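Let's walk through this model together, starting with its sheet and then turning to its charged side chains. Keep the structure open beside you as you read.

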Amino acid sequence: MDNQKKKSNKKIIIAIVALIAAIAILLGIYTVTRPETQDGTKTITVDVVMLDGSDSSSTLTTDEEYLRGALEEAGMIEGTESEYGLFVTTVNGVTADDSKQQWWCFTKGGESLETGVDTTPIADGDTFEITLMEGY
């Protein structure tokens, strides 16, 4: 019985060490691959495209490091907080109508963002598009 208990304890210790190693590896991968931010003043362009194809362009100058900060500083967006960050519901005073399956799509240089507005870094000269979409 005592020998079985030692084997059981050994398995638990090995599992804990493996878990710690996995966490360390994932943390290292995140640190290496996370998008870098840029300090200082940046000028970015934000194009807002409506369902009818009409658009408006804004040039923002900001010291913010992430897209959310720059857009909120300019008073361009509103939304609700979620576990993933801000869920943008309103852009330039226009609220997406959920009953019509409307939502705001964020792109950078025409490419879909892989991050939310909270974690999308901005750099001087970036161009972002915010497009009102319909249909999920």
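In what order do the 5 strands of the open sheet stand? The order is β2-β1-β8-β6-β7, and the pairing is mixed. Before going further, please note that this is a predicted model, in which local features need pLDDT of at least 70, side-chain atom pairs count only at pLDDT 80 or more, and totals for chains, interfaces and linings use all residues. Residues are numbered from 1 along each chain as its sequence is written, and side-chain values use heavy atoms, with hydrogens and water left out.

Back to the sheet. Helices (H or I, at least four residues) and strands (E, at least two) are DSSP runs, numbered from the N terminus, and two strands count as paired if DSSP finds at least two bridges between them. Strands of a sheet pair through backbone hydrogen bonds, either parallel or antiparallel. At the edges stand β2 (55-62) and β7; each has a single partner strand, so one side of each is left without a neighbour in the sheet. The pairing of β1 with β2 is antiparallel and runs over 8 bridges. If you look for K42, you will find T62 of β2 standing opposite.

D47 is buried (under 20% relative accessible area, with a 1.4 Å probe and protein chains only; over 50% is exposed, and partly exposed lies in between). Yet D47 has no salt bridge, and the nearest side chain of opposite charge, K108, is 13 Å away. For such charges, Lys and Arg count as positive and Asp and Glu as negative, while His and the chain ends are not counted. Leaving aside neighbours within four places in sequence, D47 has contacts (heavy atoms within 4.5 Å) with S56, S57, T127, F128, E129 and I130.

Now for charges that do pair. A salt bridge here is a side-chain nitrogen of Lys or Arg within 4 Å of a carboxyl oxygen of Asp or Glu, and the whole structure has 4 of them. Follow R68, which is buried at a relative accessible area of 15%. One partner is E72, at 3.0 Å from N to O; both residues lie in helix α2 (residues 67-73), 4 residues apart, or about one turn of the helix. E72 is partly exposed, at 37% relative accessibility.

R68 also meets E81 in a salt bridge of 2.4 Å, N to O. Because E81 lies in strand β3 (residues 77-82) and R68 in helix α2, this pair ties together parts that are 13 residues apart in sequence. E81 is exposed, with 52% relative accessibility.

Another partner of R68 is D118, with the closest N and O atoms 2.6 Å apart. This pair links distant parts of the chain, 50 residues apart: R68 is in helix α2, and D118 is in the loop between β7 (111-112) and β8 (127-134). D118 counts as partly exposed, at 24% relative accessibility. Through shared partners, the salt bridges join R68, E72, E81 and D118 into one network.
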